[in-house]
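Subject: Structure handover

Hello,

Here is the structure I said I would pass on. Please open it alongside this email, as the notes below follow it element by element.

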Amino acid sequence: MKDYYKLLGVGRDAGQEDIKKAFRQLALKYHPDRNQGNKESEEKFKEINEAYTCLGDSEKRAHYDRYGTSEGMGAGAGFGAGAGFGGFTDVFEDIFEDFFGSFGGYKKAKSTKGADLRYNLTITLEEAAFGVERSIKIPRWQTCDTCGGSGAEPGTSPVTCANCKGTGHIRFQQGFFSVSKTCGKCQGSGSIITSPCKGCKGNGKVRVQREISVKIPAGVDTGSRLRMSGEGDFGSYGGPPGDLYIVLNVDEHSFFKRDGMDIYCQFPISFTKAVFGGEIDVPTLNGPAKLKIPAGTQSGKSFHLKGKGIPRLGSHQRGDQIVSIYIDVPKKLTPRQKELLEEFAGISEENNDEASKGFKNKLKDLFSA
Ligand SMILES: [Zn+2]
Ligand SMILES: [Zn+2]
């Protein structure tokens with residue numbers, strides 16, 4: 001025979017409360033939900049249930065103490081037989097309410113958190129760089145003001161559901177477990193509305209368009225998520241509201257390309273500016289900025305404008321703007337420009353500068369190899 005006291009780890013003189021406590025602790029430890037697929041735990045769980053079914057009931061306990069068994073007590077006694085589950089399921093409800101919360105929908109008209117909502121918001125690169133406050137319209141479910149969420153016309157009250165006798169759930173036996181499921185007639189609320197509220201058609205909630213202001217911090221990027229606590233749908237039966245998630249998309253910019261905190265752009269300069277050097281005005285996110293071009297700048301050369309990029313989220317640190325120079329070759333020339341350039345070309349043929357000589361030699365090596 002099994003020693004039920006040993007199984008629960010209590011002494012023979014343990015009080016009912018101690019037995020209950022010991023069982024709860026063990027049931028939590030070995031519960032199948034927490035030990036999925038573990039045969040040993042399952043066996044252990046069955047054993048402690050068996051022990052508690054007996055010791056948790058003072059009559060059965062007395063019988064067990066006397067005869068060393070809980071069997072032979074007539075109908076309903078012993079493990080697994082309908083009525084014998086009484087004490088077992090009661091302590092289980094306690095456990096589930098304490099530790100598993102939503103398990104199996106035991107609680108009547110359980111208050112639930114409202115749904116989280118998602119809103120996709122597209123902003124410009126400038127807004128992403130400096131932050132912006134935007135007003136958005138969000139549809140969400142809110143508690144009906146007319147009936148205060150009960151769903152019943154003011155002055156009337158819901159009647160107790162006859163199907164579940166107001167408990168909100170129906171209990172039935174499924175093999176080893178006593179299982180509870182939500183009552184289909186009242187959807188677990190335990191009551192039925194006979195005169196539905198006209199404001200919400202008995203739903204207890206209404207769909208409203210809300211305008212809310214969103215502060216977008218500097219430094220966000222495509223895919224950044226802002227969580228607005230409590231701005232989601234209202235919960236049911238007084239449950240807390242869900243959250244609103246703003247998912248950002250930063251629009252392509254016509255001039256800048258972004259890579260993390262840095263931004264890139266291409267900027268044309270004239271042939272003469274490339275030759276003689278000079279100063280140019282380059283657009284930045286903060287407006288035009290001066291950039292010095294040294295004499296003899298080649299096409300494709302990049303210059304860094306320090307701190308003109310995107311700030312790091314939540315910091316004052318900023319990335320750079322990288323300006324890539326290209327030479328704008330004129331397509332139309334005046335006769336005078338043409339004359340001067342032809343003259344320039346003539347002289348250039350005669351005295352090739354050092355750079356192009358070196359380049360020509362390199363080509364020679366390449367083709368003769
Ligand atoms: Zn209403
Ligand atoms: Zn019901």
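This is a predicted model: local features need pLDDT of at least 70, side-chain atom pairs count only at pLDDT 80 or more; totals for chains, interfaces and linings use all residues.

Two strands count as paired if DSSP finds at least two bridges between them. Four bridges hold the pairing of S8 with strand S9 (residues 244-250), which is antiparallel. One pair to find there is leucine 226 and its bridge partner in S9, isoleucine 246.

Now the chain as a whole. It has nine helices and 15 strands. Of its 369 residues, 21% count as buried. If you take the contacts between residues at least 6 apart in sequence, 61% of them join residues at least 24 apart.

Next, the hairpin. Strand S4 (residues 169-174) and strand S5 (residues 177-182) run antiparallel and are joined by six bridges. Two residues lie between S4 and S5. Glutamine 174 has phenylalanine 177 in S5 as its bridge partner. In the turn, glycine 175 has a positive phi of about 55 degrees.

Most residues other than glycine have a negative phi. Glutamine 187 is not a glycine, yet its phi is positive, at about 55 degrees. Glutamine 187 sits in the loop between S5 and strand S6 (191-192). Lysine 201 has 11 C-beta neighbours inside 10 Å, so it counts as exposed.

Then there is helix H3 (residues 39-55). H3 has 17 residues and reaches 24 Å from its first C-alpha to its last, close to the 24 Å expected at 1.5 Å a residue. The buried residues of H3 are Phe45, Ile48, Asn49, Ala51, Tyr52, Thr53, Cys54 and Leu55. An α-helix has 3.6 residues a turn, so residues three or four places apart point the same way.

Which elements give two or more residues to the largest nonpolar core? That core has 15 residues, and Tyr4, Leu8, Phe23, Ile48, Ala51 and Leu55 have the most contacts inside it. The elements are helix H1 (4-8), helix H2 (16-30) and H3. H3 supplies the largest share, six residues. Leaving aside its neighbours within four places in sequence, isoleucine 48 is in contact with Leu7, Leu8, Phe23, Leu26, Ala27 and Tyr30. Apart from this core lies another, of twelve residues, including Leu125, Ala129, Leu248 and Val250. In soluble globular proteins, nonpolar side chains tend to be buried together.

Regards

Terms used. Residues are numbered from 1 along each chain as its sequence is written. Chains are lettered from A and ligands numbered from 1 in the order in which they are written. The expected span of a helix is 1.5 Å times one less than its number of residues. A residue is buried if 20 or more other C-beta atoms lie within 10 Å of its own, exposed if 12 or fewer, and partly exposed in between; C-beta atoms are placed from the backbone. Two residues are in contact if their C-beta atoms, placed from the backbone, lie within 7 Å. A nonpolar core is a set of buried Ala, Val, Leu, Ile, Met, Phe, Trp, Tyr and Cys residues joined through C-beta atoms within 7 Å.
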